[in-house]
Amino acid sequence: MYVCICNAITDRQIIQAHKEGACSMRALRKKLGVADCCGRCAPAARDVLARCKADQIGSTATPSVRASSGWLSPSSAAGDVA
Ligand code: FES
């Protein structure tokens, strides 16, 4: 799903950037250019980032708990659900 229309940045790109160490909006902006134009994507990008952090912290949660939160990890989105 596109998060930043101005720069054609998807949630998957943000998730990948987070995995590579971009754990703040400033880091995302520097790495991907997210929210560096109109800025309308900033809340959505922040939400994806927060979900990445929550998923990382709550990695011991069962998949059903994570699925019920509405968040699908990249592996589960690709059909790799246990
Ligand atoms: S939608 Fe991201 S900067 Fe405009």
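The protein chain contains five helices and two strands, where helices (H or I, at least four residues) and strands (E, at least two) are DSSP runs numbered from the N terminus. This is a predicted model, in which local features need pLDDT of at least 70 and side-chain atom pairs count only at pLDDT 80 or more, while totals for chains, interfaces and linings use all residues. Residues are numbered from 1 along each chain as its sequence is written.

**Whole chain**

Begin with the entire chain in view. Read along the sequence, its pattern is β-β-α-α-α-α-α. Of its 82 residues, 22% are buried; a residue is buried if 20 or more other C-beta atoms lie within 10 Å of its own, exposed if 12 or fewer, and partly exposed in between, with C-beta atoms placed from the backbone. Among contacts with a separation of 6 or more, 42% join residues 24 or more positions apart. Two residues are in contact if their C-beta atoms, placed from the backbone, lie within 7 Å.

**The nonpolar core**

Next, select Val-3, Cys-4, Ile-14, Leu-28, Val-34 and Ala-45, the residues with the most contacts inside the largest nonpolar core, which has 15 residues. Such a core is a set of buried Ala, Val, Leu, Ile, Met, Phe, Trp, Tyr and Cys residues joined through C-beta atoms within 7 Å. Two or more core residues come from each of β1 (2-4), α1, α2 and α3. The largest share, four residues, belongs to α3.

Now centre the view on Cys-4. Leaving aside neighbours within four places in sequence, Cys-4 is in contact with Ile-9, Val-34, Ala-35, Cys-41 and Ala-45.

Select helix α1, residues 11-19, and highlight its buried residues Asp-11, Ile-14, Ala-17 and His-18. These lie on the same side of α1 because they cover an arc of only 120 degrees around the axis, the arc being that of the directions from the helix axis to the C-beta atoms. After α1 comes Gly-21, which has a positive phi near 110 degrees.

To see the contact, display Gln-13, Ile-14 and Ala-17 of α1 with Leu-28, Lys-31 and Leu-32 of α2.

**Loop residues**

Move to Ala-8, in the loop between β1 and β2 (9-10). Its phi is near 55 degrees, a positive value in a residue other than glycine. Ala-8 counts as exposed, with 10 C-beta neighbours inside 10 Å.

Then select Ala-35, found in the loop between α2 and α3. Ala-35 is not a glycine, yet has a positive phi of about 65 degrees. With 23 C-beta neighbours inside 10 Å, Ala-35 counts as buried.

Finish at Gly-39, in the loop between α2 (25-32) and α3 (42-57). Gly-39 is partly exposed, with 13 other C-beta atoms within 10 Å. A distance of 8.5 Å separates the C-alpha atoms of Gly-39 and Cys-4, which are 35 residues apart along the chain.
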